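Q: I have a structure open and would like to go through it piece by piece. Can we start with what sits in the middle and work outwards?

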Amino acid sequence: MVGIQWWLSGYDSQVHAFPSEQAGTEYGEALCNHSVPNSKITCTDEGRRCMACMLMVGDMLAEEFDPTWRAS
Ligand SMILES: [Zn+2]
């Protein structure tokens, strides 16, 4: 699973999930395809989280943690 950073976008004032491997690029592109220049990103997760990003991160977590462990 790729690392995720929850950062506040100055464009829509929502906290989006950005893949951390994008560090050093000029634009950040969130999982929901919201793209924002780095100068508009605040490195904080305080605020209202983007629902689309939350759902996508939830899907990634569900894949990482195989649910079949409950069967044993
Ligand atoms: Zn988002």
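**Core, sheet and helix**

A: This is a predicted model. Its largest nonpolar core has 9 residues: Trp7, Leu8, Val15, Ala17, Phe18, Ala30, Leu31, Cys50 and Cys53.

Q: Which elements give two or more residues to this core?

A: Those are strand 1 (4-9) and strand 2 (14-19). Strand 2 supplies the largest share of the core, 3 residues.

Q: And Ala30, what is it in contact with, leaving aside its neighbours within four places in sequence?

A: Ala30 is in contact with His16, Ala17 and Phe18, and also with Cys50 and Cys53.

Q: What stands opposite Trp7?

A: His16, in strand 2, stands opposite Trp7.

Q: How many residues are between the strands in that hairpin?

A: There are 4 residues between strand 1 and strand 2. In this hairpin, Ser13 takes a positive phi near 55°.

Q: How does strand 6 pair with strand 2, parallel or antiparallel?

A: Strand 6 (residues 48-49) pairs with strand 2 in the parallel sense, over 2 bridges. Arg49 in strand 6 is the bridge partner of Val15.

Q: Arg48 is in strand 6 too. Buried or exposed?

A: Arg48 counts as exposed, because it has 10 C-beta neighbours inside 10 Å, and the cut-off for exposed is 12 or fewer.

Q: Which residues does Arg48 touch, not counting residues up to four places away in sequence?

A: Arg48 touches Gln14 and Val15. Along the chain, Arg48 and Val15 are 33 residues apart, yet their C-alpha atoms are separated by 5.8 Å.

Q: How many residues does helix 1 have, and what does it reach from its first C-alpha to its last?

A: Helix 1 has 14 residues and reaches 20 Å, close to the 20 Å expected at 1.5 Å a residue.

Q: Why does helix 1 count as lying largely in the open?

A: Of its 14 residues, the number buried is 1, so helix 1 lies largely in the open.

Q: Last topic, the whole chain. What pattern does it follow along the sequence?

A: The protein chain has 1 helix and 6 strands, in the pattern β-β-β-β-β-β-α. Buried residues make up 17% of its 72 residues.

Q: And of the contacts between residues at least 6 apart in sequence, how many join residues at least 24 apart?

A: In the protein chain, 47% of those contacts do.

Technical notes. Residues are numbered from 1 along each chain as its sequence is written. This is a predicted model: local features need pLDDT of at least 70, side-chain atom pairs count only at pLDDT 80 or more; totals for chains, interfaces and linings use all residues. A nonpolar core is a set of buried Ala, Val, Leu, Ile, Met, Phe, Trp, Tyr and Cys residues joined through C-beta atoms within 7 Å. A residue is buried if 20 or more other C-beta atoms lie within 10 Å of its own, exposed if 12 or fewer, and partly exposed in between; C-beta atoms are placed from the backbone. Two residues are in contact if their C-beta atoms, placed from the backbone, lie within 7 Å. Two strands pair if DSSP finds at least two bridges between them. The expected span of a helix is 1.5 Å times one less than its number of residues.
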